[in-house]
Amino acid sequence: MKKKLPVLLAFATAILFTFLFHWKGIGINLLLLEWPIFAWLFFSGEFKFKGLTATTSGVAFLATGLGTVLTHSLFSYVLHFISVFIFTGVLTYPAFKSLMSAIGAAFMNLFESQIRFFTELNQREFKARKVFNLIWRSRIFTIPMLVIAVFILIYGLANPVFGELVSNIRNNIGQGWTSVFQDFDGTIVFTFLLGLYFSNLIYLRVRSEGVVQADTEAVDQLLRQRKRRTLQFSPNSLKNELRAGIFLLIILNALLLTLNIIDVNGVWFNFQWNGFTLKHFVHEGTYLLILSILISGALVLYFFRGNLNFYANNKLLKYLSYAWIAQNAILTLSVAMRNFYYISHFSLAYKRIGVIIFLLLTFYGLWTVFRKVSKQRSGFYILRMNTLTVFIVLSLASLVNWDSVIARYNFRHADQAFLHLEYLAGLSDKALPYLDKPLPELLKIDEIQRVKFPAEQIYMSANDYFDLIQYRKQAFKTHWESKSWLAWNLPEYLAYRAF
């Protein structure tokens, strides 16, 4: 019975999945499926909150799942499904040190778990083995049937009478098939198979020994490797590499120092908005930041990848690396200032919030690069810590109802910043209570906007916005009332109650 249990659990979960999701929206049914699974894994001892990676994965699995019901946004669902994916990898080997290893194991499990399912199903314990054996043996008839079909097609095209006879037979078979299966919903099979595929990832998971070995052997701390002198090895190679690194970082620091002086003077202290959109002003800085951080990280990782970390005369290279990292931090602050001006004059939007999150992650990334140089950490340390931090920050961000935050902030600052009504009208239904404004208030805002932003008159008018929101309100009420209780979610429920 113990050998049968994983397969039986997979089938039972697939049936539950079909009941919860077939022709249903997505909402609280996600929790009704996943939390019992998690409870079984926890109380059966197959998952424990032990170790940083396993604990982070388990908490993220639960928190982002709850977030889908609390925020009901595309972002929350994407982050949750990523969390579920990583969680399946952690289940194969809970002692993983890195989330990247768990991701690699999860990719392998996507296929190997399905193979294991059919292997388990074909064991003697299952009576279905005879059925599968019969299907497998019937493969010898496949080619003859294809040949017969080709000749029927040829004869039907060559002889109209024979063709009409074949057509009549085909139509009769089609009508009979339709009459038998006219009330059968084929999508229920697809839903069941999808649920079965997901269930196999959990209950019939397969550990990837190669990924486990790579993760086990990886270390955070660099170790000095003694190299024997050979004809190809020059005793001066480290010294030459050190000189190249010093020369390169001196030039790069000088270039970045020039750029930072210009930015600090023009952005930090003497910025004056002259009415332009600031879009290019922010985006050019963001793209530059991304490129600069990638290059700086790659350079530091290259020069401090091996024995140069232990070279006695590497202090100047280290100090130049610290200066390079610090200047990238200043560049990050400059982009933050640009984004602050953008928000001050043009309110909140998804990308501007994304820039804030990216800048926070950038600061942390620079700190880990500094730690890598100062504490002789490995590239694995950089990858492990940054992957973990990105995952945690994005998971926390998925718990926020950003549409409502944007709607409330932008209307609250409509007398100071540009109010893009067309953008706001495209926010999700859960933000409707904050988007629904009386027409007199909208007309008053429109008057203020025309004075402050005369060049932006091509956008949606207050009257058009009001009509669109009223239409959306009615459509939302109808849609919510027709929903199954399994698709219930908190923000849309609150929006419905508000109306």
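**Close-up 1. Trp23 in the loop between α1 and α2.** Trp23 belongs to the loop that joins α1 (5–21) and α2 (29–43), where helices (H or I, at least four residues) and strands (E, at least two) are DSSP runs numbered from the N terminus. The phi angle of Trp23 is near 55°, a positive value in a residue other than glycine. Trp23 is exposed, its relative accessible area being 66%, on a scale where buried means under 20%, exposed means over 50% and partly exposed lies in between (1.4 Å probe, protein chains only). The model is predicted, so that local features need pLDDT of at least 70 and side-chain atom pairs count only at pLDDT 80 or more, while totals for chains, interfaces and linings use all residues. Residues are numbered from 1 along each chain as its sequence is written, and side-chain values use heavy atoms, with hydrogens and water left out.

**Close-up 2. His72 in the loop between α3 and α4.** His72 is placed in the loop between α3 and α4, and has a positive phi of about 50° although it is not a glycine. With a relative accessibility of 15%, His72 counts as buried.

**Close-up 3. Thr88 in helix α4.** Thr88 is part of helix α4, which covers residues 74–92, and is buried at a relative accessible area of 3%. A polar atom of the Thr88 side chain lies 2.5 Å from the backbone oxygen of Phe85. Leaving aside residues up to four places away in sequence, Thr88 touches Ala106, Asn109, Leu201 and Ile202, contact meaning heavy atoms within 4.5 Å.

**Close-up 4. Phe96 in the loop between α4 and α5.** Phe96 is found in the loop that lies between α4 and α5 (99–121), and its relative accessibility of 4% makes it count as buried. Not counting residues up to four places away in sequence, the residues that Phe96 touches include Thr53, Gly89, Val90, Ser101, Ala102 and Ala105, and also Val211, Val212 and Asp215. For Phe96 and Val211, which are 115 residues apart along the chain, the C-alpha atoms are separated by 9.4 Å.

**Close-up 5. The contact of helix α3 with helix α15.** Two packed helices are described by the angle between their axes and the distance between the axes. The axes of α3 (residues 52–71) and α15 (residues 379–397) come within 10 Å and cross at roughly 20°, axes being lines fitted to C-alpha atoms, for helices over the stretch in contact, with angles that run from 0 to 180 degrees between N-to-C directions. That makes α3 roughly parallel to α15, since angles under 35 degrees count as roughly parallel, over 145 as roughly antiparallel, 65 to 115 as roughly perpendicular and the rest as oblique. The crossing of these helices, α3 and α15, is left-handed, which means that the near helix is turned anticlockwise from the far one by less than a right angle, whereas clockwise would be right-handed. On the α3 side the contact is made by Leu52, Thr56, Ser57, Ala60 and Thr64, and on the α15 side by Arg384, Leu388, Phe391, Ile392 and Ser395. By class, the contact of α3 with α15 has five nonpolar, four polar and one charged residues, where Ala, Val, Leu, Ile, Met, Phe, Trp, Tyr, Cys and Pro count as nonpolar, Asp, Glu, Lys and Arg as charged, and the others, Gly among them, as polar.

Terms used. Polar contact = N/O pair within 3.5 Å; in protein donor to acceptor, adjacent residues only side chain to side chain.
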